Amino acid sequence: MLSQVVQLVEQKQRFMITSHIRPDGDGLGSGLALYWMLRSLGKDATVVLRDRVPPAYHVLPGSDLVVVQEDLTEAYDVAFIIECSDVERPGLPSLKNQFVVNIDHHSTTIPFGDVNWIDPTAAAVGEMIYNLCKAVGVEVTKEIAECIYTALLTDTGSFHFSNTTERTLKIASELVRRGVEPARISQALFYSYPFSKIKLLGLVLSGIECDDSGRIAWVTVDRAAMYEADASEEDSDGIVNHALSVGDVEAVAFFKELSPGVYRVSLRSKGRKNVAKVAECFGGGGHRNAAGCRVEGDFEDVKRRVIEGLQTALGVSPVSA
Ligand code: 5GP
Ligand code: MN
């Protein structure tokens, strides 16, 4: 609960902040906003991540201060874990020995922390950190504002998704008043891609397929496409959303070959179609309209199982995939 988090922030001194592996805009933005908030209060704070900060997010103030390591090397008074489904998802094994505060906006989260603050009505954890700043009386500085704005912008799909509410836009407006330049953030996030990313996007989208209903589509990134585009792992982020832009398509799956027989699956949907439930069947999770999981097996079999899961979720009769 927020009141417990406020109490800890006021009473404790040494804080650690982390988020999931392959950090995204909300994990990084809300984590760094929390970092700046704690620093404003004169607290010791460190952001520790297992994976590096993707170059697009170097626009975030404090991104250069993120410590990238395989595990924690110190004990802290409080370890904040941002938008993770369990204590393992940050990929830092000794987190389980720390006093953990779980901050999340996923409805699928099981409360795994010593303190759990979960608000599924928040568009992004960034919204929750904004509320925390208000609750502890920290002024929203330009640094904090830029971090929170990035969290909101990315988790709402540039304010396109259904999690965008009046509150989200009010907060965004307040952040702009505090010094955020929306075009500068968008430029860094969406108009600074390496050539390889667009090359990969083209290769992958040219192979888009859909089922007989036309309501379910999928795209695949295999190692050959990654090689042909000379792509980095991050270059495949976001491709899934392009597949969803087809008018008749209601849900999409994105398959990425991580290694032979191991696939990352991203699922997206429109409206009330729930893909988190499909991801959960494969040990993953997420939100109604954006979820993911990791699936192992023969590719044709993995594809068939996931697409059948989507067909069931959409109430489409399982015709050929
Ligand atoms: P993405 O497809 O962009 O990787 O993830 C979309 C959403 O699904 C995010 O909110 C993310 O937290 C969630 N998600 C993705 N992969 C996993 C996973 O393996 N486990 C869980 N619990 N959630 C995931
Ligand atoms: Mn989020």
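Start at a turn in this predicted model. Glycine 214 takes a positive phi near 75 degrees, in the hairpin of β7 and β8. Five residues lie between the two strands of that hairpin.

Now look at the strands themselves. β7 covers residues 209-210 and pairs with β8 in the antiparallel sense, over two bridges. Across this pairing, cysteine 210 stands opposite alanine 217 in β8.

Strand β8 spans residues 216-221 and is mostly covered. Five of its six residues are buried. β8 is also joined to β9, residues 251-259, by six bridges. Here the strands run parallel. Valine 221 has lysine 256 in β9 as its bridge partner.

Turn next to the metal. Which residues are the protein donors of the manganese ion (ligand 2)? They are Asp26 (OD), Glu83 (OE), His105 (NE2) and Asp155 (OD). These donors lie 1.9 to 2.3 Å from the ion. Along the sequence, the donor residues follow the spacing D-x56-E-x21-H-x49-D.

Glutamate 83 is in the loop between β4 (78-82) and β5 (100-104), while histidine 105 is in the loop between β5 and β6 (115-118). The pair therefore ties together parts that are 22 residues apart in sequence.

Are these two residues buried or exposed? Buried means under 20% relative accessible area. Glutamate 83 has 5% relative accessibility, so it counts as buried. Histidine 105 is buried too, with a relative accessible area of 3%.

Methods
Residues are numbered from 1 along each chain as its sequence is written. Chains are lettered from A and ligands numbered from 1 in the order in which they are written. This is a predicted model: local features need pLDDT of at least 70, side-chain atom pairs count only at pLDDT 80 or more; totals for chains, interfaces and linings use all residues. Side-chain values use heavy atoms; hydrogens and water are left out. Donors are N, O and S atoms within 2.8 Å of the metal (3.2 Å for Na, K and Ca); water is not among the atoms, so sites may look incomplete. Helices (H or I, at least four residues) and strands (E, at least two) are DSSP runs, numbered from the N terminus. Buried means under 20% relative accessible area, exposed over 50%, partly exposed in between (1.4 Å probe, protein chains only). Two strands pair if DSSP finds at least two bridges between them.
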